[in-house]
Amino acid sequence: MVFKEDYPKFDETAPDDFDPAKPYADPVAFIEQREYLVREKFVEIEKAKILRERLQQCYWREGVNHVFKCRSLVKKYMDSLKNLNWGKDNRPHYLKE
């Protein structure tokens, strides 16, 4: 399979010119910051999905011993869910309008 080399590249960091004190001063930086936050959220969601799949496989593989043998995966999965900050109340303060 051959992939094209001209796919879009994304910045992996937040925009430097974004000021949280005045988020609407620069609309381009505001949009870039919002897109950055969304990308980071999607990455965290995909990590949680991968951990969930590994946990399901561990439960299936270990059977009745899953309580002891899958404990570390359960802890990682639960920590990843805590870091997702679901809901609109956990948005940055400048997006709560």
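Q: What does the face of H3 turned away from its buried side carry?
A: That face carries Lys75 and Lys82, both exposed. Exposed means over 50% relative accessible area, buried under 20%, and partly exposed in between (1.4 Å probe, protein chains only). This is a predicted model, where local features need pLDDT of at least 70 and side-chain atom pairs count only at pLDDT 80 or more, while totals for chains, interfaces and linings use all residues. Residues are numbered from 1 along each chain as its sequence is written, and side-chain values use heavy atoms, without hydrogens and water.

Q: Which residues of H3 are buried, and what puts them on the same side?
A: The buried ones are Leu73, Tyr77 and Ser80. They cover an arc of only 60° around the axis, so they sit on the same side of H3. The arc is taken from the directions from the helix axis to the C-beta atoms. Helix H1 (27-62) is among what covers these residues. Contact here means heavy atoms within 4.5 Å.

Q: How does the reach of H3 compare with the expected span?
A: H3 runs over residues 71-82, 12 residues in all. Its first and last C-alpha atoms are 17 Å apart, close to the expected 16 Å. The expected span is 1.5 Å times one less than the number of residues. Helices are DSSP runs of H or I, at least four residues, numbered from the N terminus.

Q: Why does the span of H1 agree with what it should be?
A: H1 has 36 residues, which should span 52 Å at 1.5 Å a residue. Its end C-alpha atoms are 52 Å apart, so the values agree. H1 is followed by glycine 63, whose phi is positive, near 65°.

Q: Why does phenylalanine 42 count as exposed?
A: Its relative accessibility is 52%, so phenylalanine 42 falls on the exposed side of the cut-off. Its place is in helix H1. Other residues of H1 are buried, including Ala29, Gln33, Tyr36 and Ile45. What covers the buried residues of H1 includes H2 and H3.

Q: Why is the pair of tyrosine 24 and phenylalanine 30 called tilted?
A: The search of the whole structure finds one aromatic pair. Its ring centres are 5.0 Å apart and its planes stand at 45°, so the pair is tilted. Rings of Phe, Tyr and Trp (its six-membered ring) pair if their centres lie within 6.5 Å; planes under 30 degrees apart are stacked, over 60 edge-to-face, the rest tilted. Tyrosine 24 is partly exposed at 46%. Phenylalanine 30 is buried at 9%.

Q: What makes cysteine 58 and cysteine 70 a disulfide?
A: Their sulfur atoms are 1.9 Å apart. The rule asks for a pair of cysteine sulfur atoms within 2.5 Å, so this pair qualifies. The count comes to one disulfide.
The pair links distant parts of the chain, 12 residues apart: cysteine 58 in helix H1, and cysteine 70 in the loop between helix H2 (66-69) and H3.

Q: What makes up the largest nonpolar core?
A: It has six residues: Leu51, Leu55, Cys58, Cys70, Leu73 and Tyr77. H1 gives three of them, the largest share. A nonpolar core is a set of buried Ala, Val, Leu, Ile, Met, Phe, Trp, Tyr and Cys residues joined through side-chain atoms within 4.5 Å. Leucine 55 touches Cys70, Leu73, Val74 and Tyr77, not counting residues up to four places away in sequence.

Technical notes. Helices (H or I, at least four residues) and strands (E, at least two) are DSSP runs, numbered from the N terminus.
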